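Biologist: Before we look at any details, could you show me the model and then take me through how its features are read?

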Amino acid sequence: MTFNNNYERAVIKVLAEAGDRGLSLNKITRHVLNSCNNLFNTVEYNDVYKVVALYLKANSKGYDSAIQKTSRGIYRLNPNAVNQLSLLFKEEEEEQTEKRQNTDLSLSLF
């Protein structure tokens with residue numbers, strides 16, 4: 001199982017909602033599992049746990065990393081990197097609204 005973009009967005013969203021206190025790896029995995037699991041794409045908890053653990057470990061190594069490990073198994077967004085992440089999310093939202101505005105929703109007469 002590989003880490004896809006949906007999992008990354010789910011992890012960042014969960015950590016943003018958690019705030020400065022952060023969340024444990026188990027709780028982050030549960031949130032990601034619930035947000036990415038659906039009727040047509042079922043995933044197992046153990047698979048998601050392994051992928052999320054690797055992602056958090058890889059992205060919390062440096063001082064300026066986007067994710068920060070506060071204590072054993074507790075992760076949060078790095079306050080120094082939060083501004084950059086919020087800019088990325090704003091750019092994504094703007095692109096999506098532009099796509100919606102450009103679609104022609106009128107009905108044809110013939």
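Predicted model: local features only at pLDDT ≥ 70, side-chain atom pairs only at ≥ 80, totals over all residues.

Biologist: Which numbers describe the protein as a whole, in terms of burial, surface and contacts?

Modeller: Of its 110 residues, 26% count as buried, and the accessible surface comes to about 8,500 Å², with 49% of that area belonging to carbon and sulfur atoms.

Biologist: How should I read a pair of helices, and at what angle do the axes of H2 and H3 cross?

Modeller: The general idea is that angles under 35 degrees count as roughly parallel, over 145 as roughly antiparallel, 65 to 115 as roughly perpendicular, and the rest as oblique. Here the axes of helix H2, residues 25–36, and helix H3, residues 45–58, come within 9 Å and cross at roughly 120°, so H2 and H3 are oblique to each other. The crossing in which H2 passes H3 is right-handed.

Biologist: Which residues make the contact between H2 and H3?

Modeller: From H2 the contact draws on Leu25, Asn26, Ile28, Thr29, Arg30, Val32 and Leu33, while H3 supplies Tyr45, Val48, Tyr49, Val52, Ala53 and Leu56. Sorted by class, the contact of H2 with H3 has 10 nonpolar, two polar and one charged residues.

Biologist: Are H1 and H3 roughly parallel or roughly perpendicular to each other?

Modeller: The axes of helix H1, residues 5–18, and H3 come within 11 Å and cross at roughly 70°, and H1 and H3 are therefore roughly perpendicular to each other. This crossing of H1 and H3 is also right-handed. In H1, the residues Tyr7, Glu8, Val11, Ile12 and Leu15 meet Val48, Val51, Val52, Tyr55 and Leu56 in H3, and by class this contact has nine nonpolar, no polar and one charged residues.

Biologist: That leaves H1 and H2; how do their axes cross, and which residues meet?

Modeller: The axes of H1 and H2 come within 9 Å and cross at roughly 130°, so H1 and H2 are oblique to each other, and the crossing is right-handed. Asn6, Tyr7, Ala10, Val11, Val14 and Leu15 in H1 meet Ile28, His31, Val32, Ser35 and Cys36 in H2, a contact that by class has eight nonpolar, three polar and no charged residues.

Biologist: Where is aspartate 47 found, and how many residues separate aspartate 47 from threonine 29 in sequence?

Modeller: Aspartate 47 is found in helix H3 and, with a relative accessible area of 33%, is partly exposed. Aspartate 47 and threonine 29 are 18 residues apart in sequence, and their C-alpha atoms are 9.8 Å apart in space.

Notes
Residues numbered from 1 in each chain as written. Heavy atoms only, no water. Buried < 20%, exposed > 50% of the residue type's maximum accessible area, 1.4 Å probe, protein only. Areas by Shrake-Rupley, 256 points an atom, 1.4 Å probe, with all protein chains shown as cover. Axes fitted to C-alpha atoms, helices over the stretch in contact; angles between N-to-C directions. Helix = DSSP H or I, 4+ residues; strand = E, 2+ residues; numbered from the N terminus. Left-handed = near helix turned anticlockwise from the far one by under 90°. Contact = heavy atoms within 4.5 Å. Nonpolar A, V, L, I, M, F, W, Y, C, P; charged D, E, K, R; others polar.
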